[in-house]
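User: I'd like to go through the labels on this model one by one and see what stands behind each. Could you walk me through them?

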Amino acid sequence: LAPGGALGATVGLLRAKPRRYGGLIVHAGVAVMAIAIVASTAYKIEKDLSIAVGQETVVGPYTLKLVSLSHTMEKNYEALHATIGVYDAKSGALLDTLLPERRFYPRSEETTTEVDIRMSFRDDLYVALAGLDLAGAQGKVPLTSAIAVLKVFVNPLQIWLWLGSLIVFFGTLVVVIPRTTGLAMEAMREERATVPT
């Protein structure tokens, strides 16, 4: 079948037996979500790292390199920025660059952590900049010599949890829409039948 023919045949099946095939789609979506939840629970990685500028460390399938640290003053907060190179641990290929931040708001005296995320079909990589490790430091330490404290999370198959939810939603629509449309048409026919001619 041509692509259009395959699509037409699929639509025809869904229209012919919406409850049956819609239910199958919902079950498939639930199965995808269950697999994603189990994988995320069983194979999740959480690590606290202390790393200097220029150093690398391996976390699961990734090699993380602290490329630089920088400090900026914004209008209502000051921020500590980290530039993290994300590499494939096996091939060494650069996959992404993450830019987590740690912000301090002087007016409210609050500190917030801005997490950066790399999403893929395999997993989600979260990197948070918790601050600087100043243990044993004498006086003010330049950022080029500072040690950053990172919190790293690797959550497998997270995107599949969302895809499973979309599949369940689509299957629900396949079941509900034809029934709702049929009930509406039936109500219109009954209304027309009761209108005097």
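User: What makes D48 exposed or buried?

Analyst: Happy to start there. This is a predicted model, in which local features need pLDDT of at least 70, side-chain atom pairs count only at pLDDT 80 or more, and totals for chains, interfaces and linings use all residues. Residues are numbered from 1 along each chain as its sequence is written, and side-chain values use heavy atoms, with hydrogens and water left out. Buried means under 20% relative accessible area, exposed over 50%, and partly exposed in between, with a 1.4 Å probe and protein chains only. D48 has a relative accessible area of 58%, so D48 is exposed.

User: Why is the contact between K151 and D48 called a salt bridge?

Analyst: The term asks for a side-chain nitrogen of Lys or Arg within 4 Å of a carboxyl oxygen of Asp or Glu. For K151 and D48 the N to O distance is 3.2 Å, and their side chains meet in a salt bridge. K151 sits in strand β10 (residues 147-156) and D48 in strand β1 (residues 45-52), so the pair ties together parts that are 103 residues apart in sequence. K151 itself counts as partly exposed, at 35% relative accessibility. Helices (H or I, at least four residues) and strands (E, at least two) are DSSP runs, numbered from the N terminus.

User: How many salt bridges does this rule give?

Analyst: The count comes to four. One of them joins the side chains of E101 and R103, at 2.8 Å from N to O. E101 is buried, with 15% relative accessible area, and R103 also counts as buried, at 19%.

User: What makes R122 and D123 a salt bridge, and what distance is involved?

Analyst: Their side chains meet at 3.3 Å, N to O. R122 is partly exposed at 41%, whereas D123 is buried at 4%. The pair is also joined by a polar contact of 3.3 Å. That term means N or O atoms within 3.5 Å; within protein, one must be able to donate a hydrogen and the other to accept it, and residues adjacent in sequence count only if both atoms are side-chain atoms.

User: Which residues does D123 touch?

Analyst: D123 is found in strand β9. Contact means heavy atoms within 4.5 Å. Not counting residues up to four places away in sequence, D123 touches P61, Y62, R118, V154, N155, P156 and L157.

User: How do you know that β9 and β10 pair?

Analyst: Two strands pair if DSSP finds at least two bridges between them. Strand β9 (residues 123-132) and β10 have nine bridges, in the antiparallel sense, so by the definition they pair.

User: What span does helix α2 have, and what is expected?

Analyst: The expected span is 1.5 Å times one less than the number of residues. α2 (residues 18-43) has 26 residues and reaches 37 Å from first C-alpha to last, close to the 38 Å expected. Its buried residues include P18, G22, G23 and I25.
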